[in-house]
Every structure is written in C-alpha cells, then in structure tokens.
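Colleague: Before I rely on any of the labels for this model, I would like to hear what each one rests on. Could you take me through them one at a time?

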Amino acid sequence: MARITLDHLAHAYRPNPRTPEDYALKEINHVWKQGGAYALLGPSGCGKTTLLNIISGLVRPTRGRVLFDDLDVTDLATESRNIAQVFQFPVVYDTMTVRENLAFPLKNRHVPRDRTARRVEEIAHLLDLTRVLDRKASNLTADMKQKISLGRGLVRPDVAAILFDEPLTVIDPHLKWQLRSTLKEIHRALDITMIYVTHDQTEALTFADKVVVMHDGAVVQTGTPDELFERPAHTFVGHFIGSPGMNILPCRVEGATAFIGSDAVPLQRAYRTLSGGERIELGIRPEFARLQPKGAGLPVRIRRIDDIGRARIARVELGGRPLAASVPDGISIEGSEASLALDPRHVHIYANGHLVPGEALGGHAA
Amino acid sequence: MTKTVNNRAWLFVLPVFAIVAFSAFLPLMTVVNYSVQDTFGNNQFFWNGIAWFQELLDPSSQLGERFFDSLWRTLLFSAIILLIEVPLGIAVALAMPREGWSVALCLVLMALPLLIPWNVVGTIWQVFARGDIGLLGWTVNRLGIDYNYTGDPLDAWVTIIIMDVWHWTSLVALLCYAGLKSIPDAYYQAARIDGASRWAVFRTIQLPKMRRVLLIAVLLRFMDSFMIYTEPFVLTGGGPGNATTFLSIDLVKLALGQFDLGKAAAMSLVYNLIILAICWVFYTVMTNVDAERERVEA
C-alpha cells in the first residue's frame, strides 16, 4: 500500500535532450493517493504509456524521482517494486494452466505452496475464473486472458498499485463494459491504487475518480470528470473531452465582454490582464450553446442538425467558423438563419490555450 | 459459403501434372524398374522380383551389412547434428542483438555460410583442416594434439561435424531469431513484473513461442543432414576406410562406382522411404500439436 509521488519527473528517449521537444514526457509533479482510481487520458503518443512504464520501472526516467510513500524507487528494478501492470494485449503464459499462471508471480517470489494455492483460489473467485482454473490459458478468450493478467497482479499481497495500459483494446465491445465494472468492483473490494491509461474518454470518465489529461508529453489538467467537463483548464481538454468537444473561437476581450468578430458576448468575469500578444480564444461547450430562432444572440447559419439519440446537435457556422450547438427540445427552426445563446456561466476565456481565471464581477467569486 | 464445382478447372492443373510426371515420376519409375531387374550387360535385363530388396534388408548378406552400416552411421550423424545445432542455434539466437545497427551486421554474418555452395564448403574445410598447410590442422597439431582427418576416423567425424555446425547452425539461429522477434515486448515486461528469472522467461515465454519455428528447423536439419553428400564427399571421400561413408555416398559408390544398378535402385528406394517415413512422423507431430490446440479451443 503506498502513495506514489512523481517528483520533477521528465523523460527523453534520445540521449542529451536539450529543447522541450526532445522530451517525450515533460516535467511532471504529481501525487497518486493510496487507493485512488485514476485515469491517464490522452491521444496516442502523448506520453501516457511512457509515464506508466516509468512508474512500473520498465523505463528509467531521464530526470526526477519516483517515490512510493517516502521510499525513492527510481533506481529499483520492476520486480522489486510493489507494482503490477496489465498490458494492451493480454499476456498469458501459453504453456501453463490458468492456475499456474496465477501462481507464477508467487512461485517466483518463493511463497510457500499452500499459501499460494489459497491465494490463487481467492483471486480466481474474485475474478470469476474458478471454472477455468485448470484449463490451458492459451485457449481462453481475450477478456479471460486480460483477467488472468490482472489476476497475476492481484495475487501478490504486496501489490500497492495496478497499472492498466489500455487494457480493453482487444476486448469485444459488449464485454468491455462488463470487464470495466469488474475492475470497479475490485477497486472497491481491495484497497489498491489503480492507474488506467486510455485514449477513450468514456473509459476514463466512467472508471476514474480523478482523470489526468495529457497532451504532447505534459499534463494539462487533473480533476474529477465533472471538473474536466465544466472547467477545462486547457483548450485541448475542452476539445478532447466531450462529444462533440468544446467550441473554440478566436476572440477579443475587453473587460467583461468578449467580441467574436463584431458580435459581443457578455461574460461573467472580467479579464483585465490580457495583453495583445497572446492568442485569445473563447471556449463554450455545445451543451451550453443553445440554438434559438433568429433574434437575440449570435447570428449563425445552420449547416445541419444531427440527432444523436439523447439530444440534437446543430452544426452551425459563425462568421465562417464551424460550431456545434445544442438544440433544445420543442424548438423548430425555419430556414438556415438562427441565433445562438451562450450560457455566460460556461463561457471560458483562454490565452495561448490556457484558461484565464479572470476576476469575478461584483466582488465575489463565482 | 458455397463452392462452385466446375470439373473443367482440372484442365488448368494438367500442365503441372505433365511436368511433375516428366521431372519426378518417370525418373522414379526408372529406378523402380531397375530395382526389380538384373542385367549381365549388353543392355539385356531380366526380371528379378524383390530379390534385391531381400538382399538389401538382410543384415547377414554383404549388401545388407553394408547398407545397415551406412544407415546407422547416417542416423548417428543426424542425431549428433540435431543435438548440437538446435541448442546452439537457440543460444546464438538468444544472444543476437534485438535492435540497432548490429542487427543487420549480425544477420549478414550469420547468413554468409548459408550462401556458400556445398562443394566449396567441403573444399574450404579440406584445406583448413590439413595438417601441413591448413590453419586449423596445423594449429591443432602444434598444440600437441595428434590430429589427422584423413587417417583417423574420429578426427574425420569431428571435422565433418564441426564443418556442418559451421555451415548450418546459422539456419537454426535465424529461424529461432525470427521466432524470438515475434514475441511482443509486453511478454518480457509482464515477466519482469512477475519476477520471473532469466531461465523462467526462456522456459515459459521464449521456448513456447519458438516451438513452431523449432519444429521446422529440426525437420530441415534432419532432412539435410540425413541426405548429406557433397561436403563429406569433398572432405573425406567417405574415408578413412568407410568411417564417413554415409548412405548417400554409399549409394553413389554402388550405382556409379560398381555400376550395380539393381542393388543401387533398391537402396535408393528404401533410402527414400526412410526419409519419407521420418518426415511423416515430424509432420504428424507438428499437425497434432496444432490440432490439439484447436480441439481444446473449440
């Protein structure tokens, strides 16, 4: 059981890194609390697997330290860390039975035979593998194999954290959901830190209490799924999380008003510090940009309206820029001209991609 | 899925049948023809039934004794070759680099012996192992070891075996290397996390993943070593005495040296059947392993 601390951690695959571009993983400071369910979310190549491999000890970081509680494990070999990892493609030992697979990590650590046997039964029961314990592991389905991979981590009583590297990639869609809820159950049953790497926002948001979003080798935001949705700290988070993602529009800000072209958008907060040199953008999620009949609001041209089941999403154009907006129930719009009403509580201003906090109007924080 | 049955399609296969008939079947029939006849010259042949086969397979006859001597010699040779080249090939494959510029260098160096024509290999070693001018023979003799591959049967065997190992271990190693390369990194990483020792990694990951290529390697090396002719013929000519007279060499002596066409034909047919039988065993083992897997999977 341990708290995992990443202290000024950075990694470059090439020797002698100089520029920030040389780093696959830019400097990161983070604490994974004991027993937490974390997701590491980001597109392919953003450095999340590198980070995972550093924690498990498969990769030694170029700079910085990894601490388990207060113990520096940066130079400790993988097998001496209390870490288990489940990989993208299921790893089972083909020649062994499921039982032997599960016992393998304990056998290598010279755990007495009777204790091993008991522990294997326990974990098999937890993972619902009891039926197949004596079958060859190579003949099972991908989701079973993934459970065996996980089981090999769980049998070790010393394991403090389990790392998942996109574990559902090769699982059939209808089993993904099942396996994910098994993971949730296990997380609740055992007090184990879980770090789950994925590029799938649904997986991340449903699995984790806390999501760490990575982009281009750096952590851009850490927060609960709600925080990521309501207050994206970076335009990347806004765009990457949500379906469709956040609308990002170049704008000009004067005090508590943003101007998109010549159209004014009232804001809830005042932005006095924005200088001319930065790239200023306005971010609004489609859920908070509502389409209404032509009138007050931003004039838009409708391209098409998609029915995505639980809601209707309008694809519109504002000053030549594509935008997504929600269409409230019971509203029908004639022709292609309409207006857009933005909920000022959910309009965010970004400078060079980063959220600008601004100052609350009326002297109290919003 | 339904298949369209059109018997006229067989016409397209006809040329292959014709070519195989002329290149393999007819020559083989000639051999069968010789094996059941005897001749006293003048191109006159008499029906001889299965007498040649009876003589060949009767260890108490002169021909039979000679045949079984060669057969055991060849089997022993193949066994030694497999026992040395397979483990050595695996070891070499394990030691080969996985990435970087040295991979290409290694592969080229390994492939070199495979590219040399058989008789050139024989010639190279004939000179290399000579006691007077050969680097190997001279050095070994200077070390105080009495070594003479043309006079001592054991020396001749050792020389031929080392030559074959030098020539063909690369093949086993390259096949194994290909098998090793196909193992995803995650397996090694998982093994490290599971605390597996180097030996456990080999036993539980590398060896099972190499099994199929290994069977192919064993099959190829068995067939090649069991039919070996050119290299020992060039190196020792089957000697000293009959010490390195393997079946193929004996067969050529019988057919082209003594011109005993009937005996030679019978011998080559039996030789052929032995190879077929052993290959069939290998093939059955290979397919059985796969079939067993599928059965359990289903």
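Modeller: In this predicted model, chain A holds an open sheet of six strands in the order β6-β7-β8-β3-β9-β10, and the pairing is mixed.

Colleague: What makes β6 and β10 of chain A the edge strands?

Modeller: Each of them, β6 (83-86) and β10 (218-223), pairs on one side only, while from one strand to the next the twist averages 20°.

Colleague: How do you know that β3 and β8 of chain A are paired?

Modeller: Pairing requires at least two bridges between the strands, and five bridges join β3 (residues 37-41) to β8 (residues 193-198), the two running parallel; β3 and β8 therefore count as paired. Within this pair, Tyr38(A) stands opposite Ile195(A).

Colleague: Why is Ile193(B) called buried?

Modeller: The term applies when 20 or more other C-beta atoms lie within 10 Å, and Ile193(B) has 27 of them within that distance, so Ile193(B) is buried. This residue belongs to helix α8 (residues 185-193) of chain B.

Colleague: Which residues of chain A are in contact with Ile193(B), leaving aside its neighbours within four places in sequence?

Modeller: They are Ser56(A), Thr78(A), Glu79(A), Ile83(A), Ala84(A) and Gln85(A).

Colleague: What does UniProt list for residues 4-241 of chain A?

Modeller: The unreviewed entry lists that span as "domain: ABC transporter", an annotation that may be inferred rather than shown by experiment. In the model the span is 35% helix and 24% strand, and its end C-alpha atoms lie 26 Å apart.

Note on methods:
Residues are numbered from 1 along each chain as its sequence is written. Chains are lettered from A and ligands numbered from 1 in the order in which they are written. This is a predicted model: local features need pLDDT of at least 70, side-chain atom pairs count only at pLDDT 80 or more; totals for chains, interfaces and linings use all residues. Helices (H or I, at least four residues) and strands (E, at least two) are DSSP runs, numbered from the N terminus. Axes are lines fitted to C-alpha atoms, for helices over the stretch in contact, and angles run from 0 to 180 degrees between N-to-C directions. A residue is buried if 20 or more other C-beta atoms lie within 10 Å of its own, exposed if 12 or fewer, and partly exposed in between; C-beta atoms are placed from the backbone. Two residues are in contact if their C-beta atoms, placed from the backbone, lie within 7 Å.
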